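I opened the model to look up its sheet and its salt bridges. My notes follow.

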Amino acid sequence: MSISPKFACDDHCGRLARWLRVLGFDCTHDQNIQDADLLRLALDEDRIILTRDARLAAHTLARQVILLQPADPLAQVVEVMRSAGLTVAPVNLFARCSRCNVMTEPTTLAAVAERLPPYVRRTQTVFRVCPSCDRIYWRATHVDHMLHRLRSAGIIADE
């Protein structure tokens, strides 16, 4: 079993970070982080820096960097996956909080019912919750839209 690399997005790659999290990859992102702090984080946590900033990528402390060319986040995902030799494990899709990067945990309708819209309570049965930020996840129509975009970009295979 191979261990998936961990990533650290610079302050301009927030949408890339969210897409990588949707795919199940550990990817930090802080839009207020300074380059020196990002470099330190990457070294301390053995993370690959993802950036479009050539100056940051060329820094002497930048041990592992993927210098991204495309501006489009999904094209960036393709580039990261190609550069790092990654594939997506279907079991990891939507398993990580897209907001704070923590692995989500299964929960019950009873545990989250009062925080859900009535329609969601009536129509959904499977829920996950982030143990860090307490965000609730369920398979709504936006998940299907995201899967369609990922398939169209060639990031995941058709079912």
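**Sheet and salt bridges**

I looked up the sheet first. I found an open sheet of 3 strands in the order β5-β6-β7, with antiparallel pairing. Strands are DSSP runs (E, at least two residues) and helices are DSSP runs too (H or I, at least four), numbered from the N terminus. Two strands pair if DSSP finds at least two bridges between them. The edge strands, each pairing on one side only, are β5 (105-107) and β7. Strand β6 (residues 127-129) runs antiparallel to β7, joined by 2 bridges. Val129 stands opposite Ile136 in β7.

This is a predicted model: local features need pLDDT of at least 70, side-chain atom pairs count only at pLDDT 80 or more, and totals for chains, interfaces and linings use all residues. Residues are numbered from 1 along each chain as its sequence is written, and side-chain values use heavy atoms, with hydrogens and water left out.

Next, I searched the whole structure for salt bridges (a side-chain nitrogen of Lys or Arg within 4 Å of a carboxyl oxygen of Asp or Glu). The search gave 5. In one of them, Arg40 meets Asp37, with the closest N and O atoms 2.8 Å apart. Both lie in helix α2 (residues 35-45), 3 residues apart, about one turn of the helix.

I then checked Asp134, which forms a salt bridge with Arg115 (3.0 Å, N to O). This pair links distant parts of the chain, 19 residues apart: Asp134 is in the loop between β6 and β7, and Arg115 is in the loop between α5 (109-112) and α6 (118-123).
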